[in-house]
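Please open the model in a viewer and keep the selection tool at hand. The stops below are to be taken in order.

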Amino acid sequence: MSFDRRRWVAIAAMATTAAGSQLAPPTARADLHNITYVARVDAVTTGSRATFVINGGQTNSAPLGTVPGNAFEANTVLDDPTRAGMQIVVHWPYSANVHCEIDVDGNPATQVDRMVAPVPNSTDPMNGVLQCGAPLSG
């Protein structure tokens, strides 16, 4: 085989490899997303809590401040941002305007603003709860 012919065969092989790699589907990989949970209770309350999804489908919980308008913020990383969820609980005898926000990669994905007024002596597990994003697993 002459030098020119070998060179053209090599060029054709490289072009075929390059074209083939462009046609192959990308390798699947888990993209991670930065999740920011923001909760705010706009009234004086005691015992209010935010419960939110962290990695592996687990949840974490934190008390909310007793001073109206102070924002609670927590960060985590999830591979599936549709699994991000938070519940904010206000206990009887308090009621409050509650803000719940979930940001994904710095962009608001879910935001709920609602008056939460628990009913006394209720057996409903969602009494006094504001849910936003994905439901929390039992």
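This is a predicted model: local features need pLDDT of at least 70, side-chain atom pairs count only at pLDDT 80 or more; totals for chains, interfaces and linings use all residues.

Residues are numbered from 1 along each chain as its sequence is written, and side-chain values use heavy atoms, with hydrogens and water left out.

Select Ser95 to begin. Ser95 sits in the loop between strand E5 (85-89) and strand E6 (96-104); strands are DSSP runs of at least two residues, numbered from the N terminus. With 37% relative accessibility, Ser95 is partly exposed, a class between buried (under 20% relative accessible area) and exposed (over 50%), computed with a 1.4 Å probe on protein chains only.

Next, select His99, which belongs to strand E6. His99 is buried, at 6% relative accessibility. Its side chain forms polar contacts with the side chains of Glu101, at 3.0 Å, and Asp113, at 2.6 Å. A polar contact is a pair of N or O atoms within 3.5 Å; within protein, one must be able to donate a hydrogen and the other to accept it, and residues adjacent in sequence count only if both atoms are side-chain atoms.

Finally, select Asp103, also in strand E6. Asp103 has a relative accessible area of 12% and is therefore buried. Display Tyr37 as well: the C-alpha atoms of Asp103 and Tyr37 lie 6.6 Å apart, across 66 residues of sequence.

How values were computed: Helices (H or I, at least four residues) and strands (E, at least two) are DSSP runs, numbered from the N terminus.
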